[in-house]
Amino acid sequence: MKMTGRLEGEFQVTNGYGPENAPQVMREHWRTFIVEKDFKFISQNGLNAVRIPVGWWIASDPTPPPPFVGGSLQALDNAFQWAKKYGLKVIIDLHAAPGSQNGWEHSGSRDSSQEWGKTDETITQTVAVIDFLASRYANSPSLYAVELINEPLSPGATLSSVIEYYKAGYAAVRRHTSTAFVVMSNRLGPMKPRELFPIASGFKRSVIDVHYYNLFEDMFNNMTVQQNIDFVYNNRSSQLNYVTTSNGPLTFVGEWVAEWQVVGAGKEDYQRLAEAQMEVYGRASFGWAYWTLKNVNKHWSLEWMINNGYIKL
């Protein structure tokens, strides 16, 4: 699968507008940011699926608890309609879980707190969200997969709590559909790349999601263009091969981007970086997803990268 991620915005913050104006700001965002023509663009440019991040409060729409804003469910309904019209598949990605699974803003944390998985209540509540989503879209021809949670962060998200949740989340999806794939994100932070294999191998149509960025770690800070590209062909290739096995779960590079820490890189350099990643990540048995479709930072915007000849699919 070749797909693009982030279609409805992965978190909601007032961004200085204040809680009174937040509903209006979000409604305008949903009305204008991702629209039907974007799905047409995706379908016409060699992509066949979309990975759509949602927050746990979507299950409480239209009146989610403060500070979250109602309206995200209609945005997801629209996405499914457009996906059907243009022959695209949808991966629903639970990007923000109750209490936050990684302490970052894109999982709904305002103060870096990470509480998900520390109580049975947060896990039970998250399973209920998955049950809601699977029930709502199980009969849609566009539903391709449900990703149970995005980027749980170790050591706060313990392996035992993640496994407990993945077992219950898988069961929730299977109550409504036997055909949708169930995607399980590897933990970030200290972890073992194959730590989910024991449970995933017992699941039918299961997928392990890994995210590869030549960013966010000090070792990338002073790499040259060629060193970055070599890292993709050597290190990333080895990492992906290690989790891609003939009898294990499928593998999915669920997030990557043609961006780096190199200063002054030219268009051809970016083309080479993108080409290297597509060649390597194209070997993932479930495909890849670019982060993201639209972004104010040009290289993070797949739309801009395609329209300006940086990425050719």
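User: What do the buried residues of H5 pack against?
Analyst: They pack against strands E3 (89–96), E4 (143–147) and E5 (181–185), and against helices H4 (120–137) and H6 (197–200). Contact means heavy atoms within 4.5 Å. Buried means under 20% relative accessible area, exposed over 50%, and partly exposed in between, with a 1.4 Å probe and protein chains only. Helices (H or I, at least four residues) and strands (E, at least two) are DSSP runs, numbered from the N terminus.

User: What kind of model is this?
Analyst: This is a predicted model, where local features need pLDDT of at least 70 and side-chain atom pairs count only at pLDDT 80 or more, while totals for chains, interfaces and linings use all residues. Residues are numbered from 1 along each chain as its sequence is written, and side-chain values use heavy atoms, leaving out hydrogens and water.

User: Which residues of H5 are buried?
Analyst: Ser 161, Val 162, Tyr 165, Tyr 166, Gly 169, Tyr 170, Ala 172 and Val 173. Down the axis of H5 they fall within an arc of 160°, so they line one face of the helix. The arc is taken from the directions from the helix axis to the C-beta atoms.

User: New topic. How many salt bridges are there?
Analyst: The structure holds 11. A salt bridge is a side-chain nitrogen of Lys or Arg within 4 Å of a carboxyl oxygen of Asp or Glu.

User: What does Glu 255 pair with?
Analyst: Glu 255 forms a salt bridge with Arg 51, at 3.0 Å from N to O. Glu 255 lies in strand E7 and Arg 51 in strand E2, so the pair ties together parts 204 residues apart in sequence.

User: Are those two buried or exposed?
Analyst: Both Glu 255 and Arg 51 are buried.
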